[in-house]
Amino acid sequence: MKLHFPFLCMLWLCPVLLPAQPKPINTYFEELGQRRQHNGNILVADDGRPIVNFSSGYADFSTQTLNTPASHFNLASISKVITATAVLQLRDKGKFSIDDAVVQYLPGFPYKDIKIRHLLTHTSGLPDLELFEDLVKQFPDTVITNRNVLPELRKWQRGLYFKPGDEFRYCNTEYNLLALLIEKASGMSLRSYLKKYIFAPAGMKDTYITTPNQKHEGLIAQPQMKPHPGYDSAFVAVDSIARFKYLTYNNSSTTGQGNVMSTTTDMLKFDQAYFNRKLLKASTMQQAMTPVKLNNGIVYYDNRMDTMDGEGKMGYGLGWEIFDQPVFGISVGHGGFMFGLATFYLHNLAKSQTIVGFDNTAGSEFGRFITSALSLLNNKQPMVFRTSRSLVTLYGTALLKHGADHAATIFNANKADKAAYYLNEGEMNDLGYNLFYMSSFPGHREMALEVFKLATFIFPDSFNTYDSYGQLLKDSGKKEDAILMYKKSIALNPGNEDGKRILSELLKVQDIE
């Protein structure tokens, strides 16, 4: 049965339905469509059988083009699962060992102690997107590709952030290097290799690697966001917002870490091919889905999970995020994020349940919808839809229109009204950073600092709040204040390695002065 909704939402209910599940899942997604709180696609499947393939909102706001199940989304970091699968295929063909040094296959790679395993598990200590900052400052119109990675690593003066294997630090550069490794070991371009050995065997006819100059195939869901959070009501294409140029233009053409385009249906085909052992043998799959053990013998886990809400912890294997949740057991998958885009893929190992979700506005409620879908698959109650308004949006609107004093007054007058307003730390963080990125506009830098100052009082136990405030203070030339904020952040989270690095640099400057 296909239902059409006049409010720009479509819910495809597939003919194979489990007896106890269709009604609550159908009801939930029908209500989600009516509330218009999601913009994108969500597919829910049980044992490979799609139960719901839900589409809502616009693929392109400027043309009023609706999302449909055929909409293509950039997978963002879900692409890392595919890249890692290709690496392990080549390993199983005897092309290399994952404990080989990277420099054996990529001559000129400047770190002899980094192994292929370190790249797969984000334990290399390599720099992330900051690697290209100097190049882009010198040549602002540069579009980074994988060809830039090795030359920029050789120029990098700050060294590794830690000894390889000592820590976990998420890093896209590692997967650019893995893409280069795939090409070197296979003698094929990454695009050709993935098409022949992953997309074709899985039947993924609507999946391909994209680059900005390439002609796109099919209906593309464009990443969209509001130019001024909490103020403008209209969504625009993210690549039209100048302050995001470093990510949406300069860093738009690397591969391995992202830039695979696909649909929810094709991702279910990947899921089924992978877990039916069409892409890797069982022993390799088990290795890929085993969380990394650091040099100190401790298995790495983070108490914060990617995208999902609720109780649980997350480890990282060979390209897979590994979720350990008391209610649902062990799942694997990956989340992805770009400005104006959130993606998520999950496979519950014991129950063979699959969820694929895309939101091309990166809505703040996306994780709640994913979590609710998993709950409904397991006969649990979904998270309650928020009927309240965002207090951050109310505050941000007042700040932009009438200034800091009026905004603080509005915030304090409404913060106790939990029925009417909800308060979200992530939204507060986004508001501060987006204002700061617009610091060329009069007063916006000061407003950004005001947002993060308020956030430290609202969320006093969050290390990230102090870290963000410290970053803006540092970039505003207020080094002594920044030092105090970074010290507070590190005291709350001793694992804040980026904070430690920046604090060390600030203290060195302070000593010189």
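1. **Strands S13 and S14.** In this predicted model, Asp324 stands opposite Ile330 in S14. The two strands involved are S13, residues 321-325, and S14, residues 329-338. They run antiparallel and are joined by 5 bridges.

2. **On to S15.** S14 also pairs with strand S15, residues 341-348. The pairing is again in the antiparallel sense, over 8 bridges. Val332 stands opposite His347 in S15. S14 and S15 form a hairpin with 2 residues between them. Look at Gly340 in that turn: its phi is positive, at about 80 degrees. In a regular strand, side chains alternate between the two faces of the sheet.

3. **A sheet of 3 strands.** Elsewhere there is an open sheet with the order S7-S11-S8 and antiparallel pairing. Strand S7 (73-74) and strand S8 (208-209) stand at the edges. Each has a single partner strand, so one side of each is left without a neighbour in the sheet. S8 and strand S11 (residues 260-262) are joined by 2 bridges and run antiparallel. Ile209 stands opposite Val260 in S11.

4. **The chain as a whole.** The chain holds 18 helices and 18 strands. Of its 513 residues, 55% are buried. Among contacts with a separation of 6 or more, 64% are between residues 24 or more positions apart.

5. **Helix H2.** H2 covers residues 79-92, 14 residues in total. From its first C-alpha to its last it reaches 20 Å, close to the 20 Å expected at 1.5 Å a residue. Is H2 enclosed or open? Of its 14 residues, 13 are buried, so H2 is largely enclosed by the rest of the structure. Gly94 follows H2, with a positive phi near 85 degrees.

6. **Helix H6: span and burial.** H6 runs over residues 172-186 and has 15 residues. The buried residues include Asn172, Glu174, Tyr175, Leu178 and Ile182. Ala185 is buried as well.

7. **Helix H6: what covers it.** Which elements cover the buried residues of H6? They include H2, helix H3 (116-120), helix H5 (149-155) and helix H7 (190-202). Strand S12 (313-316) is also among them. After H6 comes Gly187, whose phi is positive, near 75 degrees.

8. **The cavity.** How many cavities of 30 Å³ or more does a search of the whole structure find? It finds 1. The largest cavity has a volume of about 40 Å³. Its lining is made up of Glu425, Met428, Asn429, Phe452, Ala455, Asn464 and Thr465. By type, these divide into 3 nonpolar, 3 polar and 1 charged.

9. **Where the lining comes from.** Helix H14 (425-437), helix H15 (444-458) and helix H16 (463-475) each supply at least two residues of the lining. H14 gives the largest share, with 3 residues.

10. **Phe54.** Phe54 lies in strand S4, residues 49-56. Its relative accessible area is 0%, so Phe54 is buried. Phe54 and Leu32 are 22 residues apart in sequence. In space, C-alpha to C-alpha, the two are 9.6 Å apart.

11. **Arg277.** Arg277 is worth a check on backbone geometry. Its phi is positive, about 60 degrees, although Arg277 is not a glycine. Arg277 sits in the loop between helix H9 (264-275) and helix H10 (282-288). Is Arg277 buried or exposed? Its relative accessibility is 54%, so Arg277 counts as exposed.

12. **Thr307.** Thr307 also has a positive phi, of about 70 degrees, without being a glycine. Thr307 lies in the loop between H10 and S12. With a relative accessible area of 22%, Thr307 is partly exposed. The cut-off for buried is under 20%, so Thr307 does not count as buried.

Technical notes: Residues numbered from 1 in each chain as written. Heavy atoms only, no water. Helix = DSSP H or I, 4+ residues; strand = E, 2+ residues; numbered from the N terminus. Expected span 1.5 Å × (residues − 1). Buried < 20%, exposed > 50% of the residue type's maximum accessible area, 1.4 Å probe, protein only. 1 Å grid on protein atoms, 1.4 Å probe; cavity = no way out; pocket = protein on both sides within 12 Å on 5 of 7 lines; lining within 4 Å. Points joined across faces, edges and corners; volume = space filled by probe spheres on them. Nonpolar A, V, L, I, M, F, W, Y, C, P; charged D, E, K, R; others polar. Pairing = 2+ DSSP bridges. Contact = heavy atoms within 4.5 Å.
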